[in-house]
Amino acid sequence: TSFKDISIVGEKMTNLNNQISCLLTSLEKNILIELIEHKKIRREYFLEKIMNVKKNIETKTIESHLTRIRKKLLIVKSKIQISSKDDVFYLED
């Protein structure tokens, strides 16, 4: 999967411009690929479809995974940004 300046092959995310790469956990990879495919995803979708958590359970697990993904995007010096507002997550560039 490729989007803007990154490529994801297996568990490895690589910046196509500078070839810097880092490893993603399988869950981080699944979250990032869902964001790449949809650009905008509601929190409940992540919890139910990706993490198999019932939507009425209160958890900040998605936020912690997104924080780690954001840090890894910084490590590879990607221009991609993940933002959130009102329980909706957006992929920006």
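**Helices, strands and rings**

Trainee: At what angle do the axes of helix 1 and helix 2 cross?

Mentor: Helices (H or I, at least four residues) and strands (E, at least two) are DSSP runs, numbered from the N terminus. Axes are lines fitted to C-alpha atoms, for helices over the stretch in contact, and angles run from 0 to 180 degrees between N-to-C directions. The axes of helix 1 and helix 2 come within 12 Å, and they cross at roughly 130°.

Trainee: Is helix 1 parallel or oblique to helix 2?

Mentor: Angles under 35 degrees count as roughly parallel, over 145 as roughly antiparallel, 65 to 115 as roughly perpendicular and the rest as oblique. That makes the relation of helix 1 to helix 2 oblique.

Trainee: What kind of model is this?

Mentor: Residues are numbered from 1 along each chain as its sequence is written, and side-chain values use heavy atoms, with hydrogens and water left out. Local features need pLDDT of at least 70, side-chain atom pairs count only at pLDDT 80 or more, and totals for chains, interfaces and linings use all residues; this is a predicted model.

Trainee: Is the crossing of helix 1 and helix 2 left-handed or right-handed?

Mentor: A crossing is left-handed if the near helix is turned anticlockwise from the far one by less than a right angle, and right-handed if clockwise. The crossing of helix 1 and helix 2 is right-handed.

Trainee: Which residues of helix 2 make the contact with helix 1?

Mentor: Contact means heavy atoms within 4.5 Å. Helix 1 brings Leu27, Asn30, Ile31, Glu34, Leu35 and His38. Helix 2 brings Tyr45, Phe46 and Ile50.

Trainee: Is Phe46 buried or exposed?

Mentor: Buried means under 20% relative accessible area, exposed over 50%, partly exposed in between (1.4 Å probe, protein chains only). Phe46 has a relative accessible area of 0%, so Phe46 is buried. Phe89, at 3% relative accessibility, also counts as buried. For Phe46, then, the word is buried.

Trainee: How is the pair of Phe46 and Phe89 classed?

Mentor: Rings of Phe, Tyr and Trp (its six-membered ring) pair if their centres lie within 6.5 Å; planes under 30 degrees apart count as stacked, over 60 as edge-to-face and the rest as tilted. The count comes to one aromatic pair. Phe46 and Phe89 have ring centres 5.7 Å apart and planes at 55°, so the pair is tilted.

Trainee: How many residues apart in sequence are the parts that this pair ties together?

Mentor: Phe46 lies in helix 2 (residues 43-50). Phe89 lies in strand 7 (residues 88-92), so the pair ties together parts whose separation in sequence is 43 residues.

Trainee: Which residue stands opposite Phe89 in the pairing of strand 5 and strand 7?

Mentor: Two strands pair if DSSP finds at least two bridges between them. Strand 5 (residues 40-42) and strand 7 run antiparallel, joined by three bridges. Opposite Phe89 stands Ile41.

Trainee: Which residue in the turn of strand 6 and strand 7 has a positive phi?

Mentor: Strand 6 (residues 81-85) runs antiparallel to strand 7, with five bridges. Lys85 has Val88 as its bridge partner. The hairpin has two residues between the strands, and the positive phi, about 50°, belongs to Asp86.

Trainee: Which strands are the edge strands of the open sheet?

Mentor: Four strands form this sheet in the order 1-2-3-4, with antiparallel pairing. Each edge strand pairs on one side only: these are strand 1 and strand 4 (21-23).

Trainee: What angle does helix 1 make with strand 2?

Mentor: Helix 1 (residues 26-38) packs on the sheet and touches strand 1, strand 2, strand 3 and strand 4. Its direction and that of strand 2 make about 130°.
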